[in-house]
Amino acid sequence: MEQLTLFDNREKTAPLASRLRPTTLEEYVGQKHLLGKGKILRQLIDKDQISSMIFWGPPGVGKTTLARIIAERTQASFVEFSAVTSGIKEIKEVMAEAEQNRRMGMETLLFADEIHRFNKAQQDAFLPYVEKGSIILVGATTENPSFEINSALLSRCKVFVLKALEEEDLKELLNHALTSSKGLGSMEISIEEMHLKMIARFANGDARTALNTLEMAVLNGEMDEAGKIRVNDEVLAQCMNRRSLLYDKNGEEHYNLISALHKSMRNSDPDAAVYWLCRMLDGGEEPLYIARRLVRFASEDVGMADSQALPLAVSVYQACHFLGMPECDVHLTHAVVYLSMASKSNALYMACEACKKDVRELPAEPVPLQICNAPTGLMKELNYGKDYVYAHDTEEKLSRMKCLPESLDGRRYYLPTEEGDEGKVKEKLIKILQWKSQE
C-alpha cells in the first residue's frame, strides 16, 4: 500500500489560480478574437489541424493554459520542455524520439513554456524537426518574438497575440472562484461587488494576479462567530498596497515605455515624459540606459535648434554614472524636462538617413581629385589635389570648389528648419549657397 504523506493534500492547498486552471475551451475565459466562433485558432483546434505556433502576450492571460488545452484535444504525443532544465542533450533525445514517431505516422506536440528563455543553440536544435514536421512546436512567451525567437524558427511558426483580459473577464473569473468547489465555494464569504471590481482593475489584465489577490483578501478577512469571512476596505487595501506594474527590462513593455518617453518629449509634453520616466525607473530600468537614449534624442529630435541639449544630456549621463539610483532620478528628470521644452528639429536625423540611403543604393563614387591628399610625386602627377582651394586663404573664408562626387553635385542632405537657433543656421547656409552659385 502506498504511504500517505502531507503532500497528498496538495490539490486543496495549491494556489487558487492553479486550482481553477481551465481544462477545456468551454471553461477558458478571454481571447475571443482568437477562440470565438469562426475564428482561425478555434477552427484549427476543433479540426485538429494544429501547426507550430507561438503564443505571445503579457503574464496571466492564459498562454500556458491554452497550450495545455490544445495538448489535451490533439491526437499527438505531448512533451513539455523547460528552458531552465532542458539542455541540448535532452532536446536532441526528444527530437530523435519524435522523428521515430513521425516515421510510424505519429505526431509529437512539444510545448515550450517561456520559449524566450531558450538560448540560440537550444532554439536551433528545434529548427530541423519543425521544418520536417517531426514536431508541432507550441511556444509561450511574454517577450516580443521578433527580438527573442530565432528568425528562422519564427518564420516557421504562426504567431498568435493574446491580449490582456478585460475587466469583465476578470470579474467573471473572480465570481467563478467564489462559487467553484475547486476554488472558494466551500467557504462562506462576504465581499461586495465593488471590491471585486477593484481587484479586477488592480490586476491590470492578469488573471493570476486577480485570483491571487482575491485569495489573499479572503485569507486575511475577518471571520465572525458563525465562520463567515468578511472582506472589508482595509483588508483589500493591504492586499493591493502596490500596483503590479508590468515591466520587463528586456522585453516588449521595455520598448513600449521608452517609446512613450521619447514621443512625449518629442511632443513637448514634460508631464507625460516625466511620468514615463518614473514608470521605467519604478520598474527597475537601468538609469544609464535611459540617459543614453536622452543623449540620442538630443541630436535626433533637438539637434541644431538647441545645441546645448547634447552637452546637457551628456552631463546627465555622467551624473547618473557618478551617483546611481535613487539620487540620479532628479538628474534624469532635469534632462527629460529640458529636452521636452527645447526647440525641436530633426534636420540632422533626416540628413543622416538620406545620406545613408544614397551610400547604400548608389555606386561608391571616387573622392574628387581636388580634395584628395597628394603625399607623393606620382599622385601629384595624376592631379591628386589639383585645384584645391584652402578656404582660410580667401577673403570670404569660402571657395566654390566642388566637394561632392560629380554624380551627386547639388545634392542636399542637411535642410535646416527655422526652429530655435537653427533659424540662424538656415540663414547662414542660404547665404553660403547663394554665394557658391555665383560664377
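**Close-up views of the predicted model**

**View 1. Cys-372 counts as buried, with a relative accessibility of 19%.** The structure shown here and in the other views is a predicted model. The cut-off for a buried residue is under 20% relative accessible area, so Cys-372, at 19%, falls within the buried class. Which cysteine sulfur is closest to that of Cys-372? The closest one belongs to Cys-403, and because the separation is 11 Å, the two are too far apart for a bond. A disulfide calls for sulfur atoms within 2.5 Å. The search of the whole structure finds zero disulfides. Cys-239 also counts as buried, at 12% relative accessibility.

**View 2. Five strands form an open sheet with parallel pairing.** The strand order is β2-β3-β4-β1-β5. At the edges are β2 (77–82) and β5 (158–161), each of which pairs on one side only. On average, neighbouring strands of this sheet are turned by 20° against each other, direction ignored. Six bridges link β3 (residues 108–113) with β4 (residues 135–141) in the parallel sense. Within β4, Ala-140 is the residue opposite Asp-113.

**View 3. Strand β1 (residues 53–56) has side chains pointing both ways, and Met-53, Ile-54, Phe-55 and Trp-56 are all buried.** Met-53 and Phe-55 point one way from the strand, whereas Ile-54 and Trp-56 point the other way. Strand β1 pairs with β4 over four bridges, in the parallel sense. On the β4 side, Gly-139 stands opposite Ile-54. Four bridges also join β1 to β5, and these two strands run parallel. Here the bridge partner of Trp-56 is Val-161 in β5.

**View 4. Helices α6 and α7 each lie across β2, β3 and β4.** Helix α6 covers residues 88–103 and runs at about 165° to β2. Helix α7 covers residues 120–132 and runs at about 130° to β4. The loop between β3 and α7 contains Glu-114. Glu-114 has a positive phi, near 50°, and is a residue other than glycine. Is Glu-114 buried, partly exposed or exposed? Its relative accessibility is 35%, so Glu-114 counts as partly exposed.

**View 5. The largest nonpolar core has 30 residues.** Which members touch the most other members of this core? They are Leu-170, Leu-174, Ile-191, Ile-199 and Leu-214. At least two core residues come from each of α2 (16–19), α10 (167–179), α11 (193–203), α12 (207–219) and α13 (233–239). The largest share, six residues, is supplied by α12. Leu-174 touches Leu-196, Ile-199, Ala-200, Ala-210, Leu-211 and Leu-214, leaving out residues up to four places away in sequence.

**View 6. Three strands form an open sheet with mixed pairing.** The order is β6-β8-β7. Why is one side of β6 (189–190) and of β7 (222–223) left without a neighbour in the sheet? Both strands stand at the edges and have a single partner strand each, so one side of each is without a neighbour. Strands β6 and β8 (residues 229–230) run parallel and are joined by two bridges.

**View 7. Ser-264 is a buried residue, with a relative accessible area of 10%.** Ser-264 belongs to helix α14 (residues 252–266). A polar atom of the Ser-264 side chain lies 2.7 Å from the backbone oxygen of Ala-260. Which residues does Ser-264 contact, leaving aside neighbours within four places in sequence? The contacts are Asp-269, Ala-272, Ala-273 and Trp-276.

**View 8. The peptide bond that joins Met-325 and Pro-326 is cis.** Omega for this bond is about 5°. Pro-326 is located in the loop between α17 (309–323) and α18 (329–341).

**View 9. Lys-397 has a positive phi although it is not a glycine.** The phi value of Lys-397 is about 60°. Lys-397 is found in the loop between α20 (377–381) and α21 (422–437).

How values were computed. Residues numbered from 1 in each chain as written. Predicted model: local features only at pLDDT ≥ 70, side-chain atom pairs only at ≥ 80, totals over all residues. Heavy atoms only, no water. Pairing = 2+ DSSP bridges. Axes fitted to C-alpha atoms, helices over the stretch in contact; angles between N-to-C directions. Contact = heavy atoms within 4.5 Å. Core = buried A, V, L, I, M, F, W, Y, C linked by side-chain atoms within 4.5 Å. Buried < 20%, exposed > 50% of the residue type's maximum accessible area, 1.4 Å probe, protein only. Polar contact = N/O pair within 3.5 Å; in protein donor to acceptor, adjacent residues only side chain to side chain.
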